[in-house]
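Please look over the sequence and the structure before reading on.

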Amino acid sequence: MSQFYTSTDHFVLVPAIMLALFGCAVLLFDFFLFPEPRQRKRLVWFLIAGEIFTAAALWRQHSFLVSEGLPELTAFQGTLTVDGFSLFFNWIFVAASLLVAIVSWRYLEIEGEHHGEYYGLILLAQCGMYFLATGTDLITLFLGVELMALCFYVMVGFLRERKRSNEAAMKYLLLGAFSSGLMVYGFSVMYGLAGSTKLRAVAAAIASREPWDPVVFLATATTAVGILFKVSAAPFHMWAPDAYEGAPTTVTAFLAVGSKAASFAFLMRIFLGPLETVREAWEPLLIVVAVLSLTIGNLAAITQSNVKRLLAYSSISHAGYILLGLIAGNATGLKGMAVYILVYAFMTLGAFLVVVALRRENLIGEEVDDMAGLMQRSPGYAVLMLIFLLSLAGIPPTAGFIGKYYIFLALLETGHYVLAALAALYVAVAIYYYFRIVRSMFISEPVEAPPLASTFGLRVALAVTGVLTLVIGVYPEPFLMLAQTSLIR
Amino acid sequence: MSDHLLSIVLFTPLAGMLVLLLLPASNKTLIRIWANVAAAAGFLVSLPLVFRFDKKAEGFQMVERYDWIPALGVKYYLGIDGISLLLVMLTTLVGFLAILSSWSAIDRHLKAYYAMFLLQQTGMIGVFISLDFFLFYVFWEVVLVPMYFIIGVWGGPRKLYAAIKFLLYTLAGSVLMLLGILTLYFQHFEQHGFYTFEISELLKLDMPLALERWVFWAFFIGFAIKVPMFPFHTWLPDAHTEAPTAGSVILAAILLKMGTYGFLRFSLPLLPEASIDPWIVQTMAALSIVAIIYGALVSLMQDDWKRLVAFSSVSHLGFCTLGIFALNPNGIAGSVIQQINHGISTGMLFLIVGVAYERRHTRLIRDYGGLAHVMPNFSFVFAFAMLSSAGLPLLNGFVGEFTILQGAFEANRAWAAFAVTGIILGAAYLLWLYQRTMLGQITNPKNLRLPDLNLREWAVFLPFMAWALWIGIYPRPYFEVLEKPVAQLVERVRPGYFAAETAAVPARASGAAQAGER
């Protein structure tokens, strides 16, 4: 038996400790230091401090790997693994949390629900995400996904006075619990096969069996369904439109970006780890799921009049695109998944941030029609939204194109010509509903409306996401290098 | 500085747009002046291209080549040959004239209007000078969004429908084209071990015919929608009709040429075996002929002046694609010249509709009649444009159509026979249009007091007319500029063509030069 808590273990755990520590600290400070509601927005500084410490810890991990020339660093007897993959995703989580947190206070004040727990929940959810990206053990991964999901259940229902928010939280909770149940059932079968919860051991046990072995198939199918729920891929997407619409918009943004990215990290860890050897068993399944996600996401989005709901369906279709990278499965495809998730994070956050700005006193501002004539009222926001929408659709020279580029290329390289054509044609469908928003903003006559709820934080967050969406599109080189490091070896 | 001439030409409109965005929106005159200055500057900086162009040189000239995204093998790679030179000059001149023509026609959201035109200008020039497929694709897509806004914001009554239809059609085509591009890119990696989008490198590919055919069809959908070839033309009448005048001019004169240019620059040289595949050639020729005749017949039926001109584009572009797929020097050179001609004549025809529309706010042909009495200068310009479009000798249209027919005749006599009926029908709908709008007595009292062309409108039309006359009377420089690239193209698609030609008929000099002397 090796030593229980080595310095390596500690080194790997520091970011999670920071997140948990600051998460709890925020709760305490909220209670003791800032009893007045007006003071609560100072809590965001604690969150920022927590993220800085987390980022510093991540940077130390990164420099250590680089300086030692190690591909990965495992801790707790293989339970956690720090590698390019985990770091890549953790950077996305840090960015997402920060960007969401700095825009939240004004929005929550307008909603009348500005509570300190909110910032604590963000940090704790991110702690769960850390384990999803870093965990290489079934139990760790499960704990990570549950920690993240529990925080989100609360955050989705954060608007206690609103029926919609409550309904969304309840639906999300029920379906989430159900999917977790399925997933953990799959895990238990895997444990039964391997006699261990370590992914390496499970991989070895599965590799020694036939791909179509019924027990392996059972484990694969139930685990896959559980995870596909989390990434909101069709036909397991039903919770997403309701949860996205009902949740406070800032939470929706975090859910769409942070939770989605973390769930994809989880999915890649499982499918490229233990399940890699039974690819022929799950590939047809995933093809069906990806095609359904593209179809349902894109077609259902056409008829939506609520921007959040529309973006929810669009995020379902993006899940389909990302899954196509996994289906292709070659280096281009996997790199494509990473690139896609990265660009998806910024463009989706940006689009939701614009919706956040549209929420004003006495005006919910979530309908497509609420954006009418935005170009004349707030040209900056309208142009930024245009950039995000073009990127979501995948039009060069925006970031979204680079993501789609990799996915298409990977599909062609692996001979999935029909899938490539289908995925490409759905771009033309997607442009239709994205341009409904564009039409409303730029062509419809302006409606009488109060000015947008703009704060310094919101402007910073929009500037960051907007600039990144353009820069990744025009000069993607450094970001592609970053994604290159994320490949699981 | 001089080494970056193409970059300067490319980015002058964009720089003009960025400055434009800083101007105060309230000062409309300033915005108008600046937009015109920027567009004129865009034209002026492109003039040195003509003087510096070496007609005798093989391959691409004024090349600029830098790394852009090394991780993907993408280069910032510009260069022109004779074909690109002509299209770039068409773009810079027509772009400027289109902006000039909008002076009084547009009054809403001026800043955005001019910004869109200038942005689009950079996109279009980029399409014609990119020698890297990735770069080309980026510019190809950059053009889409400004045109969506130009139609959607400043267009006619059915602008929303027309704008989204334009966007969806072209985007559906271009994503499939993207798949074709990526296939070539990957094939190149398979065969040569490194990823690149450079056209010169992709030319070294040797692909099985079946794969070439697939890629050809992928490109075909992208380019054919843009041209537009029958049966992908249905977006065109809506987009052209609903767009504001200057938008229609740009659409017809330049945007459509992106499709034909795509065939010439990419489909033929990169996929030579698919391009001479008899089945594909027959299909292309058949679609072109259908477009020629169908476009002309539909034009005859129109009661909307602008829609008539729009459908005439379908017919004229049919000639261009027919010339390309004749796959001989006359056909291809004629096609490029006809592309320029179509830009000039149809650009003028749309401007003429615009002039009439600005005065009367109707596009219905029956609302006009006898305008020659009140607007003599206007009717003269219209007659000029109409005859140039119909292919009257001594005007530009004749040179292009004649050379294309020569090429078509050489390839297949039946094609030429069908195409000639298109010319006859073309004369018919144009003359009839002229008769109904300009001649006879004034039947509608509203037409009694229409002001004739003003100075600015003359300034817009005169360059077009001068250019039309130049091509019509002395087309030789054009054929000279095109000789090398066209010969290279034909040699690429049909190796040994010229050797066989000179051996069989030594007396027959290059048909292109012949037509030049006519």
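## Terms and basis

A residue is buried if 20 or more other C-beta atoms lie within 10 Å of its own, exposed if 12 or fewer, and partly exposed in between, with C-beta atoms placed from the backbone. The model is predicted: local features need pLDDT of at least 70 and side-chain atom pairs count only at pLDDT 80 or more, while totals for chains, interfaces and linings use all residues. Residues are numbered from 1 along each chain as its sequence is written, and chains are lettered from A and ligands numbered from 1 in the order in which they are written.

## Where the chains meet

In chain A, 24 residues are in contact with 24 residues of chain B (C-beta atoms, placed from the backbone, within 7 Å). On the chain A side, at least two residues each come from helix H16 (399–413), helix H17 (417–442) and helix H19 (477–485). Helices are DSSP runs of H or I, at least four residues, numbered from the N terminus. H17(A) gives the most to this side, with 11 residues.

## Pro476(A)

Pro476(A) lies in the loop between helix H18 (456–474) and H19 of chain A. Pro476(A) counts as buried because 26 C-beta neighbours lie inside 10 Å. Beyond its neighbours within four places in sequence, Pro476(A) is in contact with Ile402(A) and Ile69(B). Its C-alpha atom is separated by 7.9 Å from that of Ala399(A), 77 residues apart along the chain.

## Helix H13 of chain A

Of the 28 residues of H13(A), 27 are buried, so this helix is largely enclosed by the rest of the structure.

Methods: Contact = placed C-beta atoms within 7 Å.
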